[in-house]
Amino acid sequence: MTRPAAVADADLVILGAGCAGLTLAARLAQSRNPLRVQLVEPRVGYEDDRSWCFWRPERHDLSDLVSHSWDSWRFSGATGPALHHRVPGLRYQYIRASDFYERALQEIDRAPGILTHTGVRATELVPLDDGPAPLVRVETDRGSILARHVIDTRPRPMPAMLYQSFSGVEIESEHPLPFDGGEVGLMDSMATDEGGMHFRYTLPLGRTRALVEWTRFSSSPVPTVTLRAELDAELSRLGLAGAHVIRREGGVLTMGMLGGLPESPRGVVFAGNSGGALRAASGYGFLRIQRWARACAEALERGGPPIGHPAEPFLRRSMDRIFLQAVRADLERTPDYFLALARGVPAAGLVRFLSDAARLTDYVALIASLPTVPFLRQLAPRSLPVPHELVHA
């Protein structure tokens, strides 16, 4: 007697409803070829816990989500003058997580074919080969879901060349803040100590309000308690110890994953920060996620399988690897490297490099601005040690 074939509960299950998962689901909610989609997300609610920034012209498809933008940004070291950049026609733009979440969730809620499971954690993915159409069984702590395809955007420990650890606060002061309200402090007060390179990132949101982040580049993730203590010390140094804290954010970004992505089970695609969304040399990922979500939604609408983030072009991948290896090999000189880039590369070229749009002439300018010997040493690929905490994660 022939056993009946299993029937899928969903065409697509998205694991993780963060930036990548919500972006894709919101795009699919607008599709003319509706799919049965289920999102599985451990959190039960959303907070204003992220900031996403990028360079774009003033008007674009997401401009109604932008809460602030600036036409100037600066780099500075522990001493010496700051370097100020601007590019005609481009602005550095800021989207608050709360606005992004609200918009995406509204679009998803209006789509009858999309079901969201909050407070639910996926525990196992089991490919099923029996039947004419292979399926994936998604085991959760609330039961199982049979899916034709799965996109896994969940964060996971990833060994990397470097880690960008940060802790930030949005503050309100009784007095005007000591920042230029029309300019972003992209990398301010860059310096090094025994813990690696550190700098301050500042988004002025008004005369008395700002988002201030303390960031470290290091060979291992920095504990949150350490970063918060250092941020508090920096606020005190700026005379802002008594400012009211409106909200906090923080995290650890992997810069240059070692060994590439893990092999995914059949029928599963990795996406999001742990799936290749982050730019290795900068940590920027928001626009890369938007481009991926558009391409992935179009592939699904055509009846095909979901796609992951595209592979990095050879030149960009090579430049990022060489730069990160040079930084890791000599963290003490890292502020000099960034200041050299800010000083020697035209602002438009540097923005194109950070925004995945570099031209050959931009790469030539980058190479010419950096010291020759430290970077020539990094031309040959090499194995880097994996942090102990990730080996056993």
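The questions below concern a predicted model and take up its helices and strands in turn.

Q: Why is helix α1 called oblique to helix α4?
A: The axes of α1 (residues 19-29) and α4 (residues 286-301) cross at roughly 40°. Angles under 35 degrees count as roughly parallel and those of 65 to 115 as roughly perpendicular, so an angle between these ranges is oblique. The pair α1 and α4 is therefore oblique.

Q: How do you know that α1 and α4 meet, and which residues are involved?
A: Contact requires heavy atoms within 4.5 Å. On the side of α1, the residues that meet α4 are Cys19, Ala20, Thr23, Leu24, Arg27 and Leu28. Their counterparts in α4 include Phe286, Ile289, Trp292, Ala293 and Leu300. By class, this contact has 11 nonpolar, two polar and three charged residues. The two axes come within 9 Å, and α1 passes α4 in a right-handed crossing.

Q: What makes α1 largely enclosed by the rest of the structure?
A: A residue is buried if its relative accessible area is under 20%. Nine of the 11 residues of α1 are buried, so the helix counts as largely enclosed. Among the buried residues are Gly21, Leu22, Ala25 and Ala26.

Q: Why is strand β3 described as mostly covered?
A: By the criterion of under 20% relative accessible area, five of the six residues of β3 (residues 51-56) are buried.

Q: What makes β6 and β16 the edge strands of their sheet?
A: Seven strands form this open sheet, in the order β6-β5-β13-β14-β15-β12-β16, with mixed pairing. Strands β6 (83-85) and β16 (244-257) each pair on one side only. Neighbouring strands of the sheet are turned by 15° against each other on average, direction ignored.

Q: How do you know that β5 pairs with β13?
A: Four bridges join β5 (residues 73-77) to β13 (residues 184-193), and at least two are required. These strands run parallel. The bridge partner of Gly77 in β13 is Met190.

Definitions and conventions:
Residues are numbered from 1 along each chain as its sequence is written. This is a predicted model: local features need pLDDT of at least 70, side-chain atom pairs count only at pLDDT 80 or more; totals for chains, interfaces and linings use all residues. Side-chain values use heavy atoms; hydrogens and water are left out. Buried means under 20% relative accessible area, exposed over 50%, partly exposed in between (1.4 Å probe, protein chains only). Helices (H or I, at least four residues) and strands (E, at least two) are DSSP runs, numbered from the N terminus. Axes are lines fitted to C-alpha atoms, for helices over the stretch in contact, and angles run from 0 to 180 degrees between N-to-C directions. Angles under 35 degrees count as roughly parallel, over 145 as roughly antiparallel, 65 to 115 as roughly perpendicular and the rest as oblique. A crossing is left-handed if the near helix is turned anticlockwise from the far one by less than a right angle, and right-handed if clockwise. Ala, Val, Leu, Ile, Met, Phe, Trp, Tyr, Cys and Pro count as nonpolar, Asp, Glu, Lys and Arg as charged, and the others, Gly among them, as polar.
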